[in-house]
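Please open the structure in your viewer and keep the selection tool at hand.

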Amino acid sequence: MHTKTIAQLAAGLRNGDFSSEELTRAYLQRVARHDDTLNSFITVSEAEALQQARLADQRLKAGDGTTLTGIPVAQKDIFCTNGVLTTCGSRMLENFVAPYNATVIDKFNAAGAVMLGKTNMDEFAMGSSNETSYYGPVRNPWNTDTVPGGSSGGSAAAVAARLVPAASGTDTGGSIRQPAALCGITGLKPTYGRVSRYGMIAFASSLDQGGPLAQTAEDAAILLNTMAGFDSHDSTSIDEVVPDYTATLNDAIKGLKIGLPKEYFDEGLDAEVGKVVEAAIDEYKKLGAEIVDISLPNTHLAVPAYYVVAPAECSSNLSRFDGVRFGHRCEAPIDLEDLYKRSRGEGFGPEVKRRIMIGTYALSAGYYDAYYLKAQKVRRLISEDFKQAFEQVDVIMGPTSPSVAFKLGEKKDDPITMYLSDIYTIAVNLAGLPGMSIPAGFVNGMPVGLQIIGSYFNEARLLNVAHQYQQVTDWHTRAPTGFE
Amino acid sequence: MSLDKTQVEKIAHLARLQIDPADVPEYATNLSNILDLVAQMEAVATEGVDPMAHPTEAVQRLREDRVTETDQRDHFQAIAPQVENGLYLVPKVIE
């Protein structure tokens, strides 16, 4: 049962092959059996899940369910869940039982999905390996000595090991696509503004975007149908029609123009990973796609610009954690400054502190123009690169990550090396474009992701392009051994 | 760009972060390395380029000025570290 996709499980529920309660119990058992190894969940909400499953069974019986009714899902622990612990991977929120639901959670609830629990993540989504979590690192199910990627590492590892059919993630610089690639699953970061950020704990507000992680593009389409849409609670939500993302999955892609940016295949890319990506491109050629060589000349500036914009926004967003209204508070503060400093000093881990300090420095008097304003100008240049490219091509393809999953601890103490594992994903966030990662093969038994980037609001096209590849390949059906 | 111990301490103060004095040298090294990475931007001419604050150039939406929120003080204060009579308690600010 656990190898089935959402589409297959939804059919099974309707055929009466199993009930949602049976399905939910089966997945909860898998979590209980395997998650000591993976550490992909911070909270398992068993009682709530079984209650939601029973309600879903009633809805299905009455015949008014959606495709997601009765389907178990996991939510990244960055989404506020009313009455359920929401830690954001931080000690700061170790005791934070959210008093309201994120819009994404409300939407999953309205669709009748069953939440198994909250998944592990890098602290405040700052990390590319899931090692900055206060709740311990997540392990990659393909090789438990390696990282699952981050920051949505718990979601990716749980879906890859088939502990849950699908999960939510968020992507500020690659945090859906990179872990999807490293864990061999399908992940989609939608256009900025497509999915509501309300109740999604903010890291860098002009970059953050929620999206789905699943086995297949078809499942990602089903999930995005529920997650996307305008929300008046999010001031940057965009009021744009949400198409049925499943309706165009089977469109032919003959004549599709695929741009290959030369900067994504240079010396920074592992040669074996490059071969796998090229083989995937060849598959697209067989499907009738046309390959166009393009250039995104400012690619090398994406990481530098990001490490001003994201920390600047993070230092501002994370100033709300003050030990006064919610979250961690230090013992016996002697005055207000001591209360702030010790609550924050104890509540945040080293990577979060580094980014808050970089942001504080970049925004401090006398440095604003040299850092933040400069980065915003460079951001414009990066965005213009994509605009010009999309005048020539329909989608852009390349590797999601420069290498396969690395060893736990390998990059943990070297922030710069860690940051460079996002060289191919960060520019997409700066431009606000949609991007996907799909399984494209293996190097030494470890999964490789193919990244597909589209123009604004072209999620349907990306899902279609990904789905067509998954009709002629079976990489997305491969699951790690040891989690039967 | 290299930050010294004093600068790191000042930034930590501005950010209201307590840093263990033993960790300051490591922060100084890491933050300096990050600023070196960021400095790659300096090589690019950006005169006349419009700064980009928002990916799709959207502007702030306006809405009618009316009350949309209900009073949920007790609900929200249930998760506060210390409250009394509906007020958040902090250490004495004025002597």
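**First stop: a pair in one helix**

Select helix α10 of chain A (residues 336-347), which holds both R342(A) and D338(A), four residues apart and so about one turn of the helix from each other. In this predicted model, R342(A) forms a salt bridge with D338(A), and the closest N and O atoms are 2.9 Å apart. R342(A) is buried, with a relative accessible area of 17%, and D338(A) is buried as well, at 15%.

Next, move to helix α11 of chain A (residues 350-363), where E351(A) and R354(A) are three residues apart, which separates them by about one helical turn. Their side chains meet in a salt bridge of 2.7 Å, N to O. E351(A) counts as buried at 8% relative accessibility, and R354(A) counts as buried at 9%.

Then select helix α2 of chain A (residues 20-38), in which R25(A) and E21(A) lie four residues apart, about one turn of the helix. The two side chains meet in a salt bridge of 2.9 Å, N to O, and R25(A) is partly exposed, with a relative accessible area of 38%. Over all chains, the structure holds 19 salt bridges.

**Last stop: chain B**

Finally, select chain B, which has three helices and two strands, arranged along the sequence in the pattern α-α-α-β-β. Its C-alpha trace spans about 55 × 45 × 25 Å along the principal axes, and its radius of gyration is 22 Å, whereas a compact globule of 95 residues would have one near 12 Å. Of the 95 residues of chain B, 31% count as buried.

Technical notes
Residues are numbered from 1 along each chain as its sequence is written. Chains are lettered from A and ligands numbered from 1 in the order in which they are written. This is a predicted model: local features need pLDDT of at least 70, side-chain atom pairs count only at pLDDT 80 or more; totals for chains, interfaces and linings use all residues. Side-chain values use heavy atoms; hydrogens and water are left out. The radius of gyration is taken over C-alpha atoms; the globule rule is 2.2 Å times the number of residues to the power 0.38. Buried means under 20% relative accessible area, exposed over 50%, partly exposed in between (1.4 Å probe, protein chains only). A salt bridge is a side-chain nitrogen of Lys or Arg within 4 Å of a carboxyl oxygen of Asp or Glu.
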